Amino acid sequence: MKTHNEKIEVLEKIANGITWWIGSIPSLIVHTLFFIISFLLPLLHMVEFDKMLLILTTVVSLEAIYLAIFIQMSVNRSHEKIEDIQEDIEDIQEDIEEISEDIEEISEDIEEINEDIEDIQEDIEEINEEEEDEDHNERAKTVMLKSHVSSNKNEIKALKDQISELQYMIDQLKKD
């Protein structure tokens, strides 16, 4: 057994088919032939003109009623689809606004990061300048120490020589 929704879907498919067919060239041809035949029947004395007009008017009226219903169904479906599309567009616009806000926040973060990078670069330059000064001071100290070491080495060597001489003298004195 078909559910209520399945039955409605089948009817909607039929209504869609009829609406499509009514708006097609074959429908125009069929209607034109129907009207030509309707007016030819009284001319050929097959049906009285008044009966033909009564039947034709009834058929055309019924067709107009059903066409109006089908057209309204089509308009309703189109309206529902348009509402769905509008909702989707509103959702997309909200997403775009959120993305724009995120982009603005990211831009602000990037600006802050660039400022921080500039500060760090300035600090590095200052440290390099200080290190260069310290390097010069260290180099100067090293040169001074090396020169002191060299002079100290000479003094130590001289003292060793004097100690050696004194040792030699002591040894000579002991022998004597």
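Which backbone oxygen does the side chain of Ser38 reach at 2.8 Å? The views below get there by way of the whole fold. This is a predicted model, where local features need pLDDT of at least 70, side-chain atom pairs count only at pLDDT 80 or more, and totals for chains, interfaces and linings use all residues. Residues are numbered from 1 along each chain as its sequence is written, and side-chain values use heavy atoms, with hydrogens and water left out.

**View 1. The overall build is α-α-α from the N terminus on.** The protein has 3 helices and 0 strands; helices (H or I, at least four residues) and strands (E, at least two) are DSSP runs, numbered from the N terminus. Of the 176 residues, 6% are buried, with buried meaning under 20% relative accessible area, exposed over 50%, and partly exposed in between (1.4 Å probe, protein chains only).

View 2. Ser27, His31, Ser38 and Pro42 are the buried ones in α2. They cover an arc of only 40° around the axis, so they sit on the same side of α2; the arc is that of the directions from the helix axis to the C-beta atoms. Over on the other side of α2, Ile25 and Leu43 are exposed.

**View 3. Zooming in on Ser38 in helix α2.** Ser38 counts as buried because its relative accessibility is 8%. Its side chain reaches the backbone oxygen of Phe34, at 2.8 Å. That pair is a polar contact: N or O atoms within 3.5 Å, where within protein one must be able to donate a hydrogen and the other to accept it, and residues adjacent in sequence count only if both atoms are side-chain atoms.

**View 4. The loop between α2 and α3 holds His45.** Most residues other than glycine have a negative phi. His45 counts as exposed because its relative accessibility is 72%.

View 5. Met46 lies in the loop between α2 (25–43) and α3 (49–175), and is exposed at 58% relative accessible area.
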